[in-house]
Amino acid sequence: MKTIIRNFTSIFRKFVTANLLNMLGLSLAFASFFVIMTQVNYDLDYNKSFTEHENLFRMTMKLGPGAEDYGTHLPRPVVEQLAAASPHVTGYSIGNGWTNFDQFVVDNQEYSLNLIYGERDFLSVFKPTVIDGDVKGLNQNGNIVLPRSEAIRIFGTTDAAGKTMKYKWDDKTIYNVCAVIEDYPTNNLLHGVCFIGSNSNEDNYNNWNYDAYIRVDDAANLPMVQNILRQTAIELFKEKFNLTTKEEEEALQVVLTSVADAHFSQVLDKAAPSRSSIYLLICFSLLIIVIAAVNFMNFTLAETPMRIRSINTQKVLGATTTKLRSSLLAEAVLISLIAFVVAMAFVYLAHDLGLQELVQGSILLKDHLWLIGATLLLSIVVGLLAGFYPSYYVTSFPPALVLKGSFGLSPKGRMLRTILICLQFIISFMLVIGVGIMYLQSYLIYHTDYGFDKDEVMVVSTAPDTRNHADAIDADALVTVI
């Protein structure tokens, strides 16, 4: 070990600039890999924090030609009758298709809460971790479920079940906290929201505003469940929606999308990410590592002509080829490990400098211990791969070579370094072209003609009194309320 450290410090002092550039390149590559993979992990694990998420599905329908815009949201009675059709469906959730910010008052202090309204105990199908109270309290009107963070923010404690909150816009409307649940992570559709139960639209087949989720006993029974639900839907639509033709019947489908896959469904969300973009990010991160590894190997080979005299001298003094190769390989791994430590320091320091804004998931090191381990393992692999060939090649010559010439000027040496440099350029061009294509796509999205001036359209939450007097606002202000 002393020999490795002595050789490392000696070569570092002789080639300070080259080694600093080498470490900087490796560090930036490892830091880029870590940050990119946090986004990949954010998307691939989306909604997987639900208990037994593999048995939880978003239910939508395909209604055929002329009704393509329907089916992602469903009427309450349709969901209830479909869910009751199969014994393998153990529960269902019917909630509003959007969240709403509204204001509440506790001890004369106003609080804005992000709400999801649903029918009855719609939250129970997601199996939240209950800290206090019972989520089945949503069966009763006027009850609300808070996540841990909101309970602490409002009441200063998680023991908030039984406490009350006054609706700001109506002093007579009081909500009772029936339960406090554990916070869902950021990559979850229920992150940061509170839940209010109701009992509306019980027999209303014309209100197509509900998100529907069902839980099955075993995902292996999914084909059977889908078949039963489709047959039930056909009979229901014949009775309630005048389903008459064979073509309409064949077009009617019940679609069950796993809650994890729903995050990638552009049918449910036009802005949803695609799996191909996630895999592209993985490829980009690995290509960055490859460029850094090739650059590392190139720097190591560039130092060979200056190091070969020392290597041959050690051979003459009795050092074995195996020992020399192991020493050189350990030295390469040491450099890679130092670069890994510097990379983690970069990520830690850059968190508060705007780096977090580039990705949706957290880049805090404490939130990704497994990714730190993976990056550490990758740095060891990079050190081994980048150092293996140079350590083998530089020790493969007889000691007399030092008297005959320089490896750096030999045809084989020049050819290898040329190949490595060309490989770097090829991968770099691939990355530049890929990023350029993504930039052009983003530019098209943000600069295409929407048919209206999007900079003059705003979406704001308003109080009921404001919505009830839209005409007066139109008359008094230079705006149009819709």
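Before I start on helix pairs: an axis is a line fitted to C-alpha atoms, for helices over the stretch in contact, and angles run from 0 to 180 degrees between N-to-C directions.

**Ground rules.** I'm working with a predicted model, where local features need pLDDT of at least 70, side-chain atom pairs count only at pLDDT 80 or more, and totals for chains, interfaces and linings use all residues. Residues are numbered from 1 along each chain as its sequence is written, and side-chain values use heavy atoms, with hydrogens and water left out.

**Entry 1: the whole protein.** I counted up the pieces and got twelve helices and eleven strands. (Helices are DSSP runs of H or I with at least four residues, strands are runs of E with at least two, and numbering goes from the N terminus.) The protein has 482 residues, and 43% of them count as buried. (Buried is under 20% relative accessible area, exposed is over 50%, and partly exposed is in between, using a 1.4 Å probe and protein chains only.)

**Entry 2: helix 3 and helix 5.** How do helix 3 and helix 5 cross? I found that the axes of helix 3 (residues 76–83) and helix 5 (residues 222–240) come within 9 Å, crossing at roughly 135°. That makes helix 3 oblique to helix 5. (Under 35 degrees is roughly parallel, over 145 roughly antiparallel, 65 to 115 roughly perpendicular, and the rest oblique.) On the helix 3 side, Val78, Gln81 and Leu82 make the contact, and helix 5 brings Leu229, Thr232, Ala233 and Leu236. (Contact means heavy atoms within 4.5 Å.)

**Entry 3: His368.** Next I went to the loop between helix 8 (321–350) and helix 9 (369–394), where His368 is found. Is His368 buried or exposed? His368 is buried, because its relative accessible area is 6%. Its side chain reaches the backbone oxygen of Ser362 at 2.5 Å. Skipping neighbours within four places in sequence, I listed the contacts of His368 as Phe34, Thr38, Asn41, Ser362 and Ile363.

**Entry 4: Thr186.** I then looked at Thr186, in the loop between strand 8 (174–181) and strand 9 (194–198). Thr186 has a relative accessible area of 43%, so I noted it as partly exposed. Which residues does Thr186 contact, leaving aside neighbours within four places in sequence? They are Tyr42, Tyr46 and His191. Tyr42 sits 144 residues away from Thr186 along the chain, yet their C-alpha atoms are separated by 8.5 Å.

**Entry 5: contacts overall.** Last, I checked contacts between residues at least 6 apart in sequence: 76% of these join residues at least 24 apart.

Technical notes:
Polar contact = N/O pair within 3.5 Å; in protein donor to acceptor, adjacent residues only side chain to side chain.
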